[in-house]
Amino acid sequence: MSEFPALSGSALIKALRKFGFEVVRVRGSHHFLRHSDGRCTVVPVHRGETIGPGLMAQILRDCEIDRKQLHRK
């Protein structure tokens, strides 16, 4: 079983906003987020689908956020 939560793209964006990330642009279903200190990532938002564990790990690595921190927010 995966250690990462099963989140949809929109739920992940909502959680990342609590960490200070803002959506800077959208191209199709891909939302580009940036933090004021320069960290950035891309989150796909597809209706009815969750972010897979590999992509979730990459997004959290890009954002320099631990999965435990994501659970707390």
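The legends below describe close-up views of a predicted model.

Residues are numbered from 1 along each chain as its sequence is written. Because the model is predicted, local features need pLDDT of at least 70 and side-chain atom pairs count only at pLDDT 80 or more, while totals for chains, interfaces and linings use all residues; side-chain values use heavy atoms, with hydrogens and water left out.

**View 1. The three-stranded sheet.** Three strands form an open sheet in the order β1-β2-β3 with antiparallel pairing, where strands are DSSP runs of E with at least two residues, helices are runs of H or I with at least four residues, and both are numbered from the N terminus; two strands pair if DSSP finds at least two bridges between them. The edge strands, each pairing on one side only, are β1 (22-27) and β3 (40-44). On average, neighbouring strands are turned by 25 degrees against each other, direction ignored, with axes taken as lines fitted to C-alpha atoms, for helices over the stretch in contact, and angles running from 0 to 180 degrees between N-to-C directions. Strand β2 (residues 30-34) pairs with β3 in the antiparallel sense over five bridges, and F32 stands opposite V42 in β3.

**View 2. Helix α1 and its buried side.** The buried residues of α1 include G9, L12, I13, A15 and L16, buried meaning under 20% relative accessible area, exposed over 50% and partly exposed in between (1.4 Å probe, protein chains only). These residues lie on the same side of α1, because they cover an arc of only 165 degrees around the axis, the arc being that of the directions from the helix axis to the C-beta atoms. The buried residues of α1 pack against β1, β2, β3, α2 and α3 (67-72), contact meaning heavy atoms within 4.5 Å. Just after α1, G20 takes a positive phi of about 100 degrees.

**View 3. The largest nonpolar core around V43.** The largest nonpolar core has 16 residues, and those with the most contacts inside it are L12, L16, V43 and L70; such a core is a set of buried Ala, Val, Leu, Ile, Met, Phe, Trp, Tyr and Cys residues joined through side-chain atoms within 4.5 Å. Beyond its neighbours within four places in sequence, V43 is in contact with residues including G9, L12, I13, L16, I51 and I59.

**View 4. P44 in strand β3.** P44 has its place in strand β3 and is buried, with a relative accessible area of 13%. Although P44 and H30 are 14 residues apart in sequence, they are 4.4 Å apart in space, C-alpha to C-alpha.
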